[in-house]
Amino acid sequence: MSTAELKLKLFREIDTLENSKLERVYGVILNFINNENDTNEFDSLSPAKQEGLLKAIEEMNSSEGIDHKIMMDNFKRKYE
């Protein structure tokens, strides 16, 4: 597959995503481009912070968490 074909295929896949998935894909792509997947920053955190982050990720992956936009909307309404 040529570079142009690959870009077009990616564009078509991304173009059909719903907003929540689009935002997640955008974050993943930015992290990949900026090489922010480096674990050095995570490794420098205290064990308690690492555990908290891992628990939060696990909750989000099992749909136990609350979407960021919903939380921000709640805070805006509360403090306006």
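This tour moves through the structure by selections, stating at each stop what is found there.

The model is predicted, so local features are described where pLDDT is at least 70, side-chain atom pairs count only at pLDDT 80 or more, and totals for chains, interfaces and linings use all residues. Residues are numbered from 1 along each chain as its sequence is written, and side-chain values use heavy atoms, with hydrogens and water left out.

**Stop 1: helix 1**

Begin by selecting residues 3–15, which form helix 1. Helices here are DSSP runs of H or I with at least four residues, numbered from the N terminus. Helix 1 has 13 residues, and its first and last C-alpha atoms are 18 Å apart, close to the 18 Å expected at 1.5 Å a residue. The expected span is 1.5 Å times one less than the number of residues in the helix.

How many of the 13 residues of helix 1 are buried? The number is zero, so helix 1 lies largely in the open. Buried means under 20% relative accessible area, exposed means over 50%, and partly exposed is the range in between (1.4 Å probe, protein chains only).

Next, select Phe11, which also belongs to helix 1. Phe11 counts as exposed because its relative accessibility is 52%. From Phe11, draw a distance to Ser62: the two are 51 residues apart in sequence, and their C-alpha atoms are 28 Å apart in space.

Now display Met1, Leu6 and Leu10 together; they make a nonpolar surface patch of about 350 Å². Such a patch joins nonpolar side chains (Val, Leu, Ile, Met, Phe, Trp, Tyr) within 5 Å, from residues with over 30% relative accessible area and no salt bridge. The areas come from the Shrake-Rupley method with a 1.4 Å probe, and for residues only the protein chains shown count as cover. Of these residues, Leu10 has its place in helix 1.

**Stop 2: helix 2 and the residue after it**

Select residues 19–34 for helix 2, whose 16 residues reach 22 Å from first to last C-alpha, close to the expected 22 Å. Just after helix 2 comes Asn35, with a positive phi of about 55°.

**Stop 3: from the loop to helix 4**

Ser46 is in the loop between helix 3 (40–43) and helix 4. Ser46 is partly exposed, with a relative accessible area of 32%. Ser46 and Lys9 are 37 residues apart in sequence, and 42 Å separate their C-alpha atoms.

Move on to Ala56, in helix 4 (residues 47–61). Ala56 has 36% relative accessibility and therefore counts as partly exposed. Between Ala56 and Leu22 there are 21 Å, C-alpha to C-alpha, while in sequence they are 34 residues apart.

**Stop 4: helix 5**

Finally, select residues 68–79, helix 5. Its twelve residues should span 16 Å at 1.5 Å a residue, and the end C-alpha atoms are 17 Å apart, which agrees. At the start of helix 5, a side-chain oxygen of Asp67 comes within 3.0 Å of the backbone nitrogen of Lys69.

Which side chains meet in a salt bridge? They are those of Lys69 and Asp73, at 3.3 Å from N to O. A salt bridge is a side-chain nitrogen of Lys or Arg within 4 Å of a carboxyl oxygen of Asp or Glu, and the structure holds one. Lys69 and Asp73 are separated by about one helical turn, because they are four residues apart in helix 5. Asp73 is partly exposed, at 25%.

End with Phe75 and Tyr79, four residues apart in helix 5. Aromatic rings (Phe, Tyr and the six-membered ring of Trp) pair if their centres lie within 6.5 Å; planes under 30 degrees apart count as stacked, over 60 as edge-to-face and the rest as tilted. The count comes to one aromatic pair. The ring centres of Phe75 and Tyr79 are 6.2 Å apart and their planes are at 10°, so the pair is stacked. Phe75 is partly exposed at 40%, whereas Tyr79 is exposed at 60%.

Technical notes: Helix = DSSP H or I, 4+ residues; strand = E, 2+ residues; numbered from the N terminus. Patch = residues over 30% accessible without salt bridge, like charges linked within 9 Å, V, L, I, M, F, W, Y side chains within 5 Å. Polar contact = N/O pair within 3.5 Å; in protein donor to acceptor, adjacent residues only side chain to side chain.
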